[in-house]
Amino acid sequence: MAQVPQRFFDALAVRTWCGLSLRALGRAREEIDAINVYPVADGDTGTNLYLTVESAVAAVEAVFAAHEVGGAPAGPDTGAAGGPMPAAGPTLADAVGAMAHGALIGARGNSGTILAQLLRGLAQVLTERGGPTHTDGPGLRLALRHASDSARQAVAHPVEGTVLTVASAAADAAQGAGDDCAAVAHAAYEGARAALAATPGQLPVLERAGVVDAGGHGLVTVLAALVETFTGRTPAAGAAVVPHARVEHAVTAATRECAPAEGECAPADGPADGPAFEVIYLLEAEDAAVARLRRRLDALGDSLVVVGGDGLWNVHVHVDDAGAAVEAGVEAGRPYRIRITHFGHGDVHTTGAERPPRERAQRAVVAVVPGEGLAGLYAEAGATAVLARPGEPPASGELVQAVRRAHAREVVLLPNDAELRHTAAAAAEQARTEGVRVALIPTRSAVQGIAALAVHEPDRRFDEDVVAMTSAAGATRCAEVTVAEHRSWTTAGICQAGDVLGLIDGDVAVIGADVTSVAGTVLDRMLAAGGELVTLVLGDDAPGPLADTLEARVREAYLAVDTVVYRGGRQGALLLIGVE
């Protein structure tokens, strides 16, 4: 269906722009992924941008849905002809605020985080300048300038030849445009397109690979959708298109100077090694605390981007010590939706003088974990960790994305939750269609995942490794101690809200009033059948002396049984127990 042009930038134009951007990024995703060689050649920039805009679209649609339920729906008389929307629908502030918030909470990767800040900067100006329904060309010009400036400020060490350069060029070009929104959007697009074509001359790694910047390509795609919003036509791609042969061979071309006899690349101007982990989380914190967090994270790693404001932030950084990056967030405020990704051997950091890798890692482990403490533990063991907060289980798409980020030919997937088995199975099927060999081990708890990870040996045959990990997980009984949220019938009787519950292998086995007492009873019942190793994972709300008390109990009553204790963070359960 033909797109109806929008004369003003109002709520309907925001909705249209978001939808067109998502469709355009969907079409360009694979191409953008293929040219992703900076700052890490992990082939996911297009996917990250798509997921970021997808979250923005969902937020905008929710605003429109709320107005359609509570009042008159938007229709032919509410902006379809290109005029400002009447007050019956969402205001411009409602729509751009939702767009910015959705992008912020759903931002993925370095480029997605920067795009979220660009949209937030845009929203800040449009909310302040626009009336209750719309803004005009001069307002859009100001918004593009503020968006570019705010995104650059969010990056700890801006690098030219990236999406930041493209955003600045778009804002500069828009300043000389006419006063209608279509002219401003078209000027911004043309400026961005020209800047994108010049990025290989600004970053040597792009020039060696024969590609333009992937993040900048994504922004040009989004700006093309803005032009289509106001004109009803998609602008000619022109210089934004990357030659097909170069897309296919970007990584090979970038590594063409490797020494075959040595089996590794020898960078011309600097080391190719970089931080091993990408850490991303949302953070509730005050401005002063975030300023301190920026300084601390900047000292820990690179590719630092902190975006947001008004108490909610999205933090992105590449580090060697994932646990320290999470701990810094805990000190600053309340981090959640934490994602820690271990860069595979094929994912190498690059600076302007460095080169990307030649191939994927052979094997990787992707695991769902319930707390940031365990996420750090799994990541340090080499796994790609997907954080599952209480009430926020990951979708299959998130697991597929994690498999892609693992960047390996073979992947072992650990759902660590019986309820996630079907979700993980769907993700595994999708990954297999993309050429990845995936084995799903049906782990029911993070402690079973720890047992599986402990025997993981990537150098042995894939089938042998999977069998060993499956055996270790199956030989580990699991339990948890938690607090009942409401009155309920259980296999151990009726529990009341606030009762302490001890679950063994998923069934309630003990009901009590004291955490330490219930935990001790659960531990005794598990060890009655024998065991060699007890794993305790404590949540943030567990009593302070609990670990020491349980360790002493095992030491005194069960000879030759070892105990290991981990801090799980905000994992939902007070205590996870594993007995091998």
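Hi everyone. Let me start with a term: a residue counts as partly exposed when its relative accessible area lies between the 20% under which we say buried and the 50% over which we say exposed. By that rule Arg460, at 22%, is partly exposed. Keep in mind that this is a predicted model.

Arg460 has a salt-bridge partner, Glu457, and their closest N and O atoms are 3.9 Å apart. Glu457 is partly exposed too, with 44% relative accessibility.

Arg363 and Glu410 form a salt bridge, with 2.9 Å between the closest N and O atoms. Arg363 sits in strand E7 and Glu410 in strand E9, so this pair ties together parts 47 residues apart in sequence. Arg363 is buried at 11% relative accessible area, and Glu410 is buried at 9%.

Which helix holds both Arg29 and Asp33? That's H1, residues 11-34, where the two are four residues apart, about one turn of the helix. Over the whole structure, the search finds 26 salt bridges.

Last, a sheet. Six strands make an open, mixed sheet, ordered E15-E14-E11-E18-E16-E17. Its edges are E15 (507-512) and E17 (562-569), each pairing on one side only. From one strand to the next, the twist averages 20°. E16, residues 533-539, runs parallel to E17 over seven bridges, and Gly539 stands opposite Gly569 in E17. Thanks, everyone!

Definitions and conventions
Residues numbered from 1 in each chain as written. Predicted model: local features only at pLDDT ≥ 70, side-chain atom pairs only at ≥ 80, totals over all residues. Heavy atoms only, no water. Pairing = 2+ DSSP bridges. Axes fitted to C-alpha atoms, helices over the stretch in contact; angles between N-to-C directions. Salt bridge = Lys/Arg side-chain N within 4 Å of Asp/Glu carboxyl O. Buried < 20%, exposed > 50% of the residue type's maximum accessible area, 1.4 Å probe, protein only.
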